[in-house]
Amino acid sequence: MLSVTAGRAALGVGFLSMLGLAPKAHAEDAPAIDWGLAYKADVAGALSGGGAHAGRYLDNIDLTADVSLERALDWRGAQLHAHVLSNSGGAPNDVAETLQGIDNIEVSRPRAKLYEFWIEQNFASDRGSALLGLYDLNSEFYQSETAGLLIAPAFGIGSELAATGPNGPSIFPSTALALRLRWSLSRAQHVQAAIINASAGVVGDPDGVDTSFDDGALMIGEWARGGDVRVKLGVWRYSRRQDDIRDVNALGAPAKRAAEGAYASIEAPLWNEDVRAVAGFARIGFADGDTTPYSGGWQAGLLVTRVFEARPDSAFSIGLNQGFLGAKFRANARDSGIDAANAESAVELTYADKLGEHLTLQPDLQFVRNPGGDRARSDVVAAALRVGLEF
């Protein structure tokens, strides 16, 4: 798959491998099939301020296969990608009771599923590519590599987009059928666009893969510039109007509104020496606020690699995020007797290091202000320990 790789080398191959971002070899004698297996296990919960001071165990298994159809079948410029996902365990956000969540492997229905299955064809001397199949839009759109170590879901994709659609957009934990087109404008710039079924569902979900497109499609486009300073600008819109979260029509059914938004992000190295490197990221997103609880949000943070000279895979990251709550969501909350806040805000601190070739340990600490968008609630202090195995 064509992917944004500018700046990855500066982060260190060992650390990128830990995040699943390390570039793959392209030697002529490389095997036609590249397998990957990764396991994450978290113990996460609230130390204070949540509904209960308790932890939950949860885990995530990723089994991937990337097939070079050029090497396997002499099909020039084509590849096939398959990704099986399995999640089990509890829901730590049931304890923390936040809006945006505290753990990016938490799911509402633990199960195994075919998460991604797509084929990609390069064309025009590899300047362009077309991808078709079950596809995670966050694998290429609205992505910030520098935020990859952080565990809070808001750092994966902005909450104002993550909370849209009939059952969520085509992101973790369920994707949807998609067509993605990409074109390189230059060595440092590209544009990409995708049309994705608005109803997410894969093999393993209760209703399986939706092929009807009865709920319309999510359309998203992005311009990106690589290099040392990486900039992305994106827009998105649903082809069909979505349910308003507050207003109703004359029959008492939810009114229909346009669901749309935009986002921007920037990442750059801030400091680099022979041993240690620091990179920063910042991004902001906006949404309509009629069909989603959020009118927008922002995230920013720092990533320090090789924190300790003697530990080449040690990494530390700090991130701040804020999800702005729309006027209609706040009005609904006030109707329920909640002292609605304008935003839910959080700070995350995390450190990761590899022990041996395959094992990674990552303690994590988060502070959430106005959890659940409720001014009357005490701030939540959440902690987690992530154990990762990668082969």
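Buried means under 20% relative accessible area, exposed means over 50%, and partly exposed covers what lies in between, with a 1.4 Å probe and protein chains only. By that scale Ile61 is partly exposed, because its relative accessibility is 33%.

Before going further, a word on the model. The structure is predicted, so local features are reported only at pLDDT of at least 70 and side-chain atom pairs only at pLDDT 80 or more, while totals for chains, interfaces and linings use all residues. Residues are numbered from 1 along each chain as its sequence is written, and side-chain values use heavy atoms, with hydrogens and water left out.

## A nonpolar patch

Ile61 sits in strand 2; helices (H or I, at least four residues) and strands (E, at least two) are DSSP runs numbered from the N terminus. Together with Ile33, Trp35, Leu37, Leu63, Val84, Leu389 and Phe391, Ile61 makes a nonpolar surface patch of about 710 Å². Strand 1 (33-48) and strand 2 (55-68) are the elements that give two or more residues to this patch. Strand 1 supplies the largest share, 3 residues. Patch members have over 30% relative accessible area and no salt bridge; nonpolar side chains (Val, Leu, Ile, Met, Phe, Trp, Tyr) are joined within 5 Å, and like charges within 9 Å. The accessible areas come from the Shrake-Rupley method with a 1.4 Å probe, and for residues only the protein chains shown count as cover.

## Salt bridges

How many salt bridges does a search of the whole structure find? The search finds 20, where a salt bridge is a side-chain nitrogen of Lys or Arg within 4 Å of a carboxyl oxygen of Asp or Glu. Three of them are set out here.

| Pair | Closest N to O distance |
|---|---|
| Arg386 and Asp103 | 3.4 Å |
| Asp339 and Arg375 | 3.9 Å |

Take the bridge between Arg386 and Asp103, with its closest N and O atoms 3.4 Å apart. This pair links distant parts of the chain: Arg386 belongs to strand 18, Asp103 to the loop between helix 4 (93-96) and strand 4, and 283 residues separate them. Both Arg386 and Asp103 are buried.

For Asp339 and Arg375 the closest N and O atoms are 3.9 Å apart. Here Asp339 is in the loop between helix 6 (327-335) and strand 16, and Arg375 is in the loop between strand 17 and strand 18, 36 residues apart. Asp339 is partly exposed because its relative accessible area is 43%, and Arg375 is partly exposed because its relative accessible area is 43%.

Arg369 lies in strand 17 and Asp379 in the loop between strand 17 and strand 18, 10 residues apart. Asp379 has a relative accessible area of 39%, so it is partly exposed. Beyond these pairs, salt bridges that share partners join Asp244, Asp247, Arg257, Asp290 and Lys328 into one network.

## Backbone details

The loop between strand 17 (359-369) and strand 18 (380-390) also holds Asn370. Asn370 has a positive phi of about 55° although it is not a glycine. Is Asn370 buried or exposed? With a relative accessible area of 14%, Asn370 is buried.

Asp126, likewise not a glycine, has a positive phi of about 70°. Asp126 is found in the loop between strand 4 (112-123) and strand 5 (128-135), and is partly exposed because its relative accessibility is 47%.

Which residues does a cis peptide bond join? Phe172 and Pro173 are joined that way, with omega about 10°. Pro173 lies in the loop between helix 5 (159-162) and strand 6 (176-184).

## The second largest pocket

The second largest pocket holds about 200 Å³ of space. Its lining includes Asp215, Arg240, Arg241, Gln242, Lys256 and Ala259. By class, the lining residues divide into 3 nonpolar, 4 polar and 5 charged.

A pocket, on a 1 Å grid over the protein atoms alone, is an open set of points where a 1.4 Å probe fits, with protein on both sides within 12 Å along at least five of seven lines; lining residues have an atom within 4 Å of a point.

Gln242 is in strand 10 (residues 242-248) and counts as buried because its relative accessibility is 10%.

How values were computed:
Grid points are joined across faces, edges and corners, and a volume is the space filled by probe spheres set on the points. Ala, Val, Leu, Ile, Met, Phe, Trp, Tyr, Cys and Pro count as nonpolar, Asp, Glu, Lys and Arg as charged, and the others, Gly among them, as polar.
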